[in-house]
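Subject: Handing over a structure, with notes

Dear colleague,

I am passing on the structure that we talked about, and I would be glad if you kept it open beside this message while you read. The notes are meant to be followed slowly, with one region on the screen at a time.

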Amino acid sequence: MQARRDWIAGPAGPVHGTFDVPGDKSVSHRAVMLAGIAEGVSHVRGFLEGEDTRATARIMQQLGVRMETPAPGQRIVHGVGLHGLRGSDAPLDCGNAGTGMRLLAGLLAGQAFDSTLVGDASLSRRPMRRVSDPLQQMGAVVEMREGGLPPLTLRGGHSLHGIEYAPPMASAQVKSAVLLAGLYAQGETVVREVRPTRDYTERMLAAFGWPVQMEPGYVRLRGGATLQGGEVVVPGDFSSAAFPLLAAVITPGSHLRLRAVGLNPRRTGLLEVLRRMGADITVHEAREEAGETLADLEIRHAPLRGIDVPVEHVSDMIDEFPALFVAAACAEGVTRVRGAAELRVKESDRIDAMARGLRTLGVTVEETPDGADIVGQGEGRFGGGEIDSHGDHRIAMSFAVAASRSAEAVHILDCAAVDTSFPDFATQAGQWGLDLRVRETR
């Protein structure tokens, strides 16, 4: 039986120091996928050694891509070219990685062989029709369980054709699945968006040499080109940086610096929203690596005020909303979130899970179908209690940080999934200055 991992987090003082954060999960997924179908050898540095990204790397190896690991955080990928992947008789296990499953569906839709993508219990409850619908419009044959749920079986040997597609929801995963299928399609593939989403896939395709046209609100490419292997530097994951950043923002006396954090403009909605709330965050030494912007972040504590979160920032911070909910609980006044219905279908229903957890700590939260109103407590302290993370890594980490502002211990249940995105979080949190103890039971 697998051990259950809970955390006991307690009140803590200011956080200080200079730290690195794990490599960007979204970039790591895409790096090993694109390097695997490129011509030649690619050197990937800063690869996230998390369960999600390792699952994607294993799947690429299962499909015939040779990959070496000379050191943690590094991969040498021997590309097989656009049409060099080989089918696997065994299912392709994505674990908990929704990004991995949805992007791989696009990559595998145009192959000559059948593939079956499976996941853990959490991933098996997540909606996949959002990617199967456009792939089927392109000519792919996709089979799923009732309700559009995994496993996904993609039947090989079907020719794809380019389409013009406008996703009904703002989703970088859907856009990416369509673009990856477009590599194998006849003609032009165009994705038009009502609200721009994260553009990692198109940036990395361009860095690997595929002609991509990018404008605000749309991206287009044609099938039939090739990818060329090369050097890929993965920046620090902004979603992981959100937790030490949050700790410094909400804890009086804090002064923290985070090195080489990815600042993709479609990823930093939390940064903009926290600044609107009064956070003191300075960007230093911005530079570009493999099409991605990275920089150092300097954070000092400052009082926060509640705001109405601008809806245009919602899609640029969809993974960081658990951290925002905690920041809102530490602000003066009410913070209102709308337009975030996507949070209902992440690893958990994050709106419900965060609202329940904050109420346990004594915070007033009113849910709406697509958001919540959070009544902040200012510089006051939370209560303690037991929080169910619902196996959601970002909820577990958010409440570990929230506990630093509590008056008594907070017991956070079911935290093992944190390894999917932030391996060794508990140890690093202790280095920042948090009081976090791990308890494993069988």
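What follows is a short account of what was found, taken one region at a time.

Please keep in mind from the start that this is a predicted model.

Strand 7 then pairs with strand 9 in the antiparallel sense, over three bridges, and here Ser 115 stands opposite Leu 154 in strand 9. The pairing of strand 8 with strand 9 is also antiparallel, over four bridges, and Arg 145 stands opposite Leu 149 in strand 9. Strand 8 and strand 9 form a hairpin with three residues between them, and in the turn Gly 147 has a positive phi of about 90 degrees.

Within this sheet, Thr 153 deserves a separate look; it is found in strand 9 (residues 149–155). Is Thr 153 buried or exposed? Its relative accessible area is 13%, and because buried means under 20%, Thr 153 counts as buried. Its side chain makes a polar contact, at 3.0 Å, with the side chain of Thr 116. Leaving aside residues up to four places away in sequence, Thr 153 touches Ser 115, Thr 116, Val 141, Val 142 and Glu 143.

A further open sheet of four strands, again with mixed pairing, has the order 11-13-15-14. Its edge strands are strand 11 (164–165) and strand 14 (212–215), each pairing on one side only. Strand 11 pairs with strand 13 (residues 188–192) in the parallel sense, over two bridges, and Tyr 165 stands opposite Val 191 in strand 13. Helix 6 (residues 200–207) lies across strand 14 and strand 15 (218–222), and runs at about 140 degrees to strand 14.

The last topic is the aromatic rings, and the structure holds five aromatic pairs. In one of them, Phe 243 and Phe 425 are edge-to-face, at 6.4 Å centre to centre and with 85 degrees between the planes. This pair links distant parts of the chain, since Phe 243 is in helix 7 (residues 238–250) and Phe 425 is in helix 12 (residues 425–432), 182 residues apart. Which kind of pair do Phe 425 and Trp 432 form? Their ring centres are 5.6 Å apart and their planes lie at 80 degrees, and because planes over 60 degrees apart count as edge-to-face, this pair is edge-to-face.

Phe 243 and Phe 425 are both buried, Phe 425 having a relative accessible area of 1%, and Trp 432 counts as buried too, at 2% relative accessibility. Finally, Trp 7, Phe 243, Phe 422, Phe 425 and Trp 432 form one aromatic cluster.

Definitions and conventions. Residues numbered from 1 in each chain as written. Predicted model: local features only at pLDDT ≥ 70, side-chain atom pairs only at ≥ 80, totals over all residues. Heavy atoms only, no water. Phe/Tyr/Trp six-rings, centres within 6.5 Å; stacked < 30°, edge-to-face > 60°. Buried < 20%, exposed > 50% of the residue type's maximum accessible area, 1.4 Å probe, protein only. Pairing = 2+ DSSP bridges. Contact = heavy atoms within 4.5 Å. Axes fitted to C-alpha atoms, helices over the stretch in contact; angles between N-to-C directions. Polar contact = N/O pair within 3.5 Å; in protein donor to acceptor, adjacent residues only side chain to side chain.
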